[in-house]
Amino acid sequence: MITQQSIQQVKDAIQVADVIEKLSKYKLQKRGSILTGLCPFHDEKTPSFTVSPSKGIYKCFGCGISGDGLKFIMEHEHMNFIEAIKWAGDFYRINLEEEKITEEEKRERKQKDVEVAMLYKLNEAAARQWHKQLYKPYETESGIQISHSVELDYLLSRKISIDSIVQWCIGWSPDEWRFLTPTIIEKGLWKQAEALGLVRHKNEQNYDAWRGRIMFPIHDEKGNIVAFGGRSLLGNDEMKKQGIPKYLNSSNNDIYNKRKVLYGLYFAKEGIKQHKFAILTEGYTDVICFHQMGANNTVATCGTALTDNQAKLLKKYCDHVVIARDGDNAGMKASMEDIDTLLEHGFKVEILPMPEGKDPADYSCGYQVASEYEMLIENSVTV
């Protein structure tokens, strides 16, 4: 079997325009940020085939076919996945490493894949249930309305729009001990849910881990929900009195390692390719608010300085990072650590200073259109 590392190396190397021109023998013409040409999959005289190099995809508006570079190889050459990987490996002169595995190892890998898929589905189901508790549309004579609540009003007060709440699947875990727990037990998924940190067992009682919190799903690079961050809406004094943190985040598990995941990357990776740089900020609301103002190339480390693994992940998409941390001492300290890590990995680094006492989410509220966003970035300072 070809190693997963080699497969990923090939995927990262594929340039969609390269393989299309090589295999179809058609020349693509540049038109702005896209390429156009005759469709290799059906006869036509007027070009309706478009390619987006920045997004790594193609689409024919005549026959409707679409996909990425690997899919083009498979469709055009009638290859299966492994055959296409081998072709691309030869084309880009990548040495494909192979590993020998026994039948027992094959069965174990298949079982592992099934178990991991179940964990993804369980997280997704939890996210949907929490999302329904926060975002409750109802029909009126004048059209769809939104049922307001203290939790929803909090998000709106932070300038997070309804569209963003839906896109990022933000939710609310009710202040109940057993909201998810009964269904999880009924479905026989307690072991998996406990491993994910969704539920807990203490003093012979089963109960939900997150209660009374705004829930932010954390997606991996491929769009799978791998973890959650939950924010309490209690005041600081009340949280201190009850001994609970403002944020309660998922611990590392079989599908999540916080040092290897960047919040928002799944939604930002195409924007990073388009703008040719990434904005690195602090937390969930910072990322979402920056995306709303047009900075769809923003990601966050969620309260920690950038790690080597996160830097390597970001390096797949760009060589330039603008740091936009909080304007307090903790933010400045994290920025200095970020700079060291980014420079070690060969990034061009700039800092976008925040006014004292302001976080990126607050600061972004004054910038609502792309032109203003570009002006904002012009204020950044090169390291």
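This report describes the sheets, helices, nonpolar cores and salt bridges of a predicted model.

The structure is a prediction, in which local features need pLDDT of at least 70 and side-chain atom pairs count only at pLDDT 80 or more, whereas totals for chains, interfaces and linings use all residues. Residues are numbered from 1 along each chain as its sequence is written, and side-chain values use heavy atoms, with hydrogens and water left out.

**The five-stranded sheet**

Helices (H or I, at least four residues) and strands (E, at least two) are DSSP runs, numbered from the N terminus. Two strands are treated as paired if DSSP finds at least two bridges between them. Five strands, in the order E1-E2-E3-E4-E5, make up an open sheet with antiparallel pairing. Its edges are formed by strand E1 (29–31) and strand E5 (66–68), each of which pairs on one side only. On average, neighbouring strands of this sheet are turned by 25° against each other, direction ignored. Axes here are lines fitted to C-alpha atoms, for helices over the stretch in contact, and angles run from 0 to 180 degrees between N-to-C directions.

Strand E4 (residues 57–60) is joined to E5 in the antiparallel sense by three bridges; in one of these strands, E5, Asp68 is the bridge partner of Ile57. Two helices lie across this sheet. Helix H3 (residues 69–77) lies across E3, E4 and E5, at about 120° to E5. Contact means heavy atoms within 4.5 Å.

**The four-stranded sheet**

A further open sheet has four strands in the order E8-E11-E12-E13, again with antiparallel pairing. Strand E8 (171–173) and strand E13 (247–249) are at the edges with a single partner strand each, so one side of each has no neighbour in the sheet. The twist from one strand to the next averages 35°. Between E8 and strand E11 (residues 213–219) there are three bridges in the antiparallel sense, and Gly171 stands opposite Met215 in E11.

Helix H5 (residues 103–134) lies across E8, E11 and strand E12 (225–232), and runs at about 35° to E12. Helix H6 (residues 150–157) also packs on the sheet, where it touches E8, E11 and E12, and its direction makes about 60° with that of E11.

**Nonpolar cores and buried residues**

Buried means under 20% relative accessible area, exposed over 50%, and partly exposed in between (1.4 Å probe, protein chains only). A nonpolar core is a set of buried Ala, Val, Leu, Ile, Met, Phe, Trp, Tyr and Cys residues joined through side-chain atoms within 4.5 Å. The largest such core has 47 residues, of which Trp130, Leu155, Ile170, Leu198, Phe228 and Tyr263 touch the most other members. At least two residues of this core come from each of H5, H6, helix H9 (190–196), E11, E12 and H12. H5 gives the most, with seven residues. Another core, of 26 residues, lies apart from it and includes Ala17, Leu28, Leu35 and Tyr58.

In helix H11 (residues 265–275), the buried residues are Leu265, Ala268, Lys269, Gly271 and Ile272. They pack against strand E14 (278–281), helix H12 (284–292), strand E15 (298–300) and helix H13 (308–315). Lys276, which follows H11, has a positive phi, near 70°.

Thr307 is placed in the loop between E15 and H13. Thr307 counts as buried because its relative accessibility is 6%. Not counting residues up to four places away in sequence, Thr307 touches Arg259 and Thr341.

**Salt bridges**

A salt bridge is a side-chain nitrogen of Lys or Arg within 4 Å of a carboxyl oxygen of Asp or Glu. The whole structure contains eight salt bridges, including those tabulated here.

| Pair | N to O distance |
|---|---|
| Glu21 and Lys27 | 4.0 Å |
| Glu104 and Arg107 | 2.7 Å |
| Arg128 and Glu124 | 3.3 Å |

Glu21 is partly exposed at 26% relative accessibility, whereas Lys27 is exposed at 61%. Glu104 and Arg107 lie three residues apart in helix H5, about one turn of the helix. Glu104 is partly exposed at 39%, and Arg107 is exposed at 52%. Arg128 and Glu124 are separated by about one helical turn because they are four residues apart in helix H5. Arg128 is partly exposed at 42%, as is Glu124 at 41%. Salt bridges with shared partners also join Glu282, Arg325 and Asp338 into one network.
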